Amino acid sequence: MAAPVNRSSGKRLGTRTDAILPREREWSRKVLVIVHLSSLDAFHARTGCGDDLADRIIATMRRQDGPIIIVDQNWQYNLHSLPRQRVENAIPSKAVWLDFDEDTQSWADFERRLIQCLRKLANLRVSLGGVWYDPRGRGGCVNATASRLARHGYDVVIDEWISGEDPDCEPEDPPPTQS
């Protein structure tokens, strides 16, 4: 089966979940899941920190000795897409891609496909990163994915170093008001 092509760039990507997933022994370690890669464009536009986040994601993928799953909306490239393009160019060919855009697809369907993919990889340990992340756990696609996996018994860790924090999050402890 030929590798799929990114609709925006025409670049060949790793395998999709409908392909046969690797069952190699070295892939039985912790799975790295990057949530909503295309949202890196919006993160870069809103915060100006997309290059830094891209560098951290790339470094983490290079150190990853287990499987990598990329969750992507497959958005068209725009002015803010350079960090995403850099990450896409660094993604290993063994990575598994899951298409998911919560604006056009259901979370329940995505959850089912992600769980199915993780079962094929025979792994219960997951490290999550991507965009958007709320350190309080009240929102964001990274947090929502972590919650859904935890409900299914997965050992999930959100790696804040590779997670794009939502700039609209309120601080953990707001400063006291002065009278």
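**Exercises on a predicted model**

The protein's secondary structure comes to 5 helices and 6 strands. Keep in mind that this is a predicted model.

**Exercise 1.** Work out in what order the elements of the protein run from the N terminus on.

*Solution.* Start at the N terminus and walk along: the pattern reads β-β-α-α-β-α-β-α-β-α-β. Next, look at the contacts with a separation of 6 or more: 79% of them join residues 24 or more positions apart.

**Exercise 2.** Decide whether Thr 145 is buried or exposed, and find which residues Thr 145 touches.

*Solution.* First, locate the residue: Thr 145 sits in helix α5, residues 141-151. Then check its relative accessible area, which is 1%. Buried means under 20%, so Thr 145 is buried. Finally, list its partners, leaving out residues up to four places away in sequence: Val 35, Trp 107, Phe 110, Leu 114 and Leu 128.

**Exercise 3.** Describe how helices α1 and α3 are placed relative to each other.

*Solution.* Begin with the axes: those of α1 (residues 40-47) and α3 (residues 82-90) come within 8 Å and cross at roughly 140°. Angles over 145 degrees would count as roughly antiparallel, and 65 to 115 as roughly perpendicular. The two helices are therefore oblique to each other. Their crossing is right-handed. Now pick out the residues that meet: Leu 40, Asp 41 and His 44 from α1, and Pro 83, Arg 84 and Val 87 from α3. Sorted by kind, this contact has 3 nonpolar, 1 polar and 2 charged residues.

Key. Residues are numbered from 1 along each chain as its sequence is written. This is a predicted model: local features need pLDDT of at least 70, side-chain atom pairs count only at pLDDT 80 or more; totals for chains, interfaces and linings use all residues. Side-chain values use heavy atoms; hydrogens and water are left out. Helices (H or I, at least four residues) and strands (E, at least two) are DSSP runs, numbered from the N terminus. Contact means heavy atoms within 4.5 Å. Buried means under 20% relative accessible area, exposed over 50%, partly exposed in between (1.4 Å probe, protein chains only). Axes are lines fitted to C-alpha atoms, for helices over the stretch in contact, and angles run from 0 to 180 degrees between N-to-C directions. Angles under 35 degrees count as roughly parallel, over 145 as roughly antiparallel, 65 to 115 as roughly perpendicular and the rest as oblique. A crossing is left-handed if the near helix is turned anticlockwise from the far one by less than a right angle, and right-handed if clockwise. Ala, Val, Leu, Ile, Met, Phe, Trp, Tyr, Cys and Pro count as nonpolar, Asp, Glu, Lys and Arg as charged, and the others, Gly among them, as polar.
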